[in-house]
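Let's take a walk through this model together, from whole chains down to single residues. Have the viewer open and follow along.

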Amino acid sequence: MLDQYTQSVLIFMGINVILALSLYLPISAGLLSLGQGGFMSIGAYTSAYLTLNLAWPFALALAAGSLAAGIVGLLVGFPALRIKGVYLIILTMGFGEIVRVFFLNFEPTGAASGLGGIPGHTTLPLLSVIAVAVLTDFWQLRRSRIGRAIAAVREDELAAEITGISLTRVKVTVFAIGGALAGLGGGLYAHYASFIDPAQFGFQRSAEIFVMVLLGGMGNFFGATLGAFTVTLLPELLRFLQDWRMTFFGTLLVVMMIVRPWGIVGARR
Amino acid sequence: MLLEIRDLSRSFGGYQAVSAVSTSVQQGSIHAIIGPNGAGKTTLFNVVSGVLPPTSGSVWLDGEKLTGLRPDRIARMGLVRTFQGVRLFGAMTVLENVQTGRHIRTSSDLAAMFLRPPGRESKQEAAIRERAMALLDMVGLARQRAVLASELALADQRRLEIARALATEPRLLLLDEPVAGMNPVEVNEAAQLIRRIRDSGITVLLTEHHMSLVMKISDQITVLNYGRKIAEGTARQVREDPLVLEAYLGADEAEAH
């Protein structure tokens, strides 16, 4: 058996893969989001509330949390139709803040003092199954009708539209599924961490998810996956540096962006 | 009449790019729109294909009104175009570009993706690939199917754009300067391709500066000058029209010398 520490690192690795892929999906359609933390917290709070207070079975609570985040993703997707580039990033940041402040004031889920005593349902075997399933879907997506439509929208919106692809449908779909995935990650996180509060899902979390995709490479989903591995493992491997750990990690990111701006995986464009 | 343009105008600020143009395109024909630079050809194309809304007037495809619809809806109704500047999905392969054209003629596979065992190609995917390969064969790009679209030479990019448009099964294909920047051999090949498209039952509406090509392949020609229609008819009728000689061919001759 794996020791406690290794298990926890592997669990965070799995959750981070799901979170990184939740952002990779809108990015693969050319839509950048810095609000994934918001979707994550919706999934975390919804599922935790359901298992904790209403004694829902874990699988159902997890699905409900993911669905709730997906529906919110759908709603965020609509304004994203008209807004592009840096403005979309600001919009998604704003969304993340709104969700954080909402849970900061929402009494039923403990407001600022958070939600504790969440049952520890997230186990390594379960998480492995979910992560493999999600990765398989992304593998399928590469050579599929919807996968090509997403890539087409990223490559040239006007050409995609002329070819008959509805920008509305593609953009709203990637935001909704991306949101649902982040919500799934959030639910799994809540049932491992056992305590959640709004601060865990703030801008820093969204930025961390963004770093995973950026570091791994935005070109394909292997990149996002590898980025999630790296962002989870590297700080652990750098523990011997003690207080200087995060400084070193930050420096590494800067160097990486200079030497390989297209990420670990993925061709130069 | 497959396409009817009724009293179509489009202005940019005070500049009238297209003014009160009416014309119609006969089913099964090759119809060319010609005119000197700035005559309004590309603007007309942009309005007809839904890229730009008109200032006034309307466009009808087989009795259905296109004006006000988004380009993707218009594509679904059977009108697809190419661009003078060629707009491909550069980071996708040649084959994927054409497969993308099948989007509107196939059904969503989003749900199936979660259920299908990995590695197995669905029936629909197989059909999409087969159809796309047949189109690549037709335009002569089958060997380059795995190459990125951005890496093709210009003439091949134009061919690929046509293949992608054909993949949508259009009733009317709009070609915006399909031979611009091509050498004489490539122009000849393009002419053959356009004829073959017409012969397969797809109506073609094109703009072009290459006069000998236009005269050779067009069944009907509409001449624009300063946004207005000044003449219309067969190649011979248009060639002998004094207004056209003055406005267009005269200017062209002067430029050539």
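How many helices and strands are there in chain B? Chain B has ten helices and ten strands, where helices are DSSP runs of H or I with at least four residues and strands are runs of E with at least two, numbered from the N terminus. Before going on, please keep in mind that this is a predicted model, in which local features need pLDDT of at least 70, side-chain atom pairs count only at pLDDT 80 or more, and totals for chains, interfaces and linings use all residues. Residues are numbered from 1 along each chain as its sequence is written, while chains are lettered from A and ligands numbered from 1 in the order in which they are written.

Stay with chain B for a moment. Its radius of gyration is 19 Å, close to the 18 Å that the globule rule gives for 257 residues, so chain B is as compact as a globular protein of that length. The radius is taken over C-alpha atoms, and the rule is 2.2 Å times the number of residues to the power 0.38. The C-alpha trace of chain B spans about 65 × 40 × 35 Å along its principal axes. Of its 257 residues, 44% are buried, a residue being buried if 20 or more other C-beta atoms lie within 10 Å of its own, exposed if 12 or fewer, and partly exposed in between, with C-beta atoms placed from the backbone.

Now turn to chain A, which has eleven helices and zero strands. Chain A has a radius of gyration of 18 Å, in agreement with the value near 18 Å for a compact globule of 269 residues. Its C-alpha trace spans about 55 × 45 × 30 Å along the principal axes, and 51% of the 269 residues count as buried. Among contacts in chain A with a separation of 6 or more, 79% join residues 24 or more positions apart; a contact here means C-beta atoms, placed from the backbone, within 7 Å.

Where do the chains meet? On one side are 23 residues of chain A, in contact with 31 residues of chain B. Helix 5 (124-142), helix 6 and helix 7 (157-162) of chain A each supply at least two residues to the chain A side, and helix 6 gives the most, with seven. That side divides into ten nonpolar, six polar and seven charged residues. Here Ala, Val, Leu, Ile, Met, Phe, Trp, Tyr, Cys and Pro count as nonpolar, Asp, Glu, Lys and Arg as charged, and the others, Gly among them, as polar.

Helix 6 (residues 145-155) of chain A also packs with helix 8 (residues 167-193) of chain A, at an angle of about 105° and with the axes 10 Å apart. Axes are lines fitted to C-alpha atoms, for helices over the stretch in contact, and angles run from 0 to 180 degrees between N-to-C directions. The contact is made by A:A149, A:I150 and A:V153 of helix 6 and A:L167, A:V170 and A:V174 of helix 8. By class, this contact has six nonpolar, no polar and no charged residues.

Finally, look inside. The largest nonpolar core has 148 residues, and those with the most contacts inside it are A:A20, A:L21, A:V213 and B:A163. Such a core is a set of buried Ala, Val, Leu, Ile, Met, Phe, Trp, Tyr and Cys residues joined through C-beta atoms within 7 Å. Helix 8 of chain A provides the largest share of this core, 13 residues. Beyond four places in sequence, A:A20 touches residues including A:M212 and A:A224. A:M212 lies in helix 9 (residues 203-216) of chain A and is buried, with 27 other C-beta atoms within 10 Å. A:M212 and A:A224 are twelve residues apart in sequence and 6.2 Å apart in space, C-alpha to C-alpha.

Terms used. Two residues are in contact if their C-beta atoms, placed from the backbone, lie within 7 Å.
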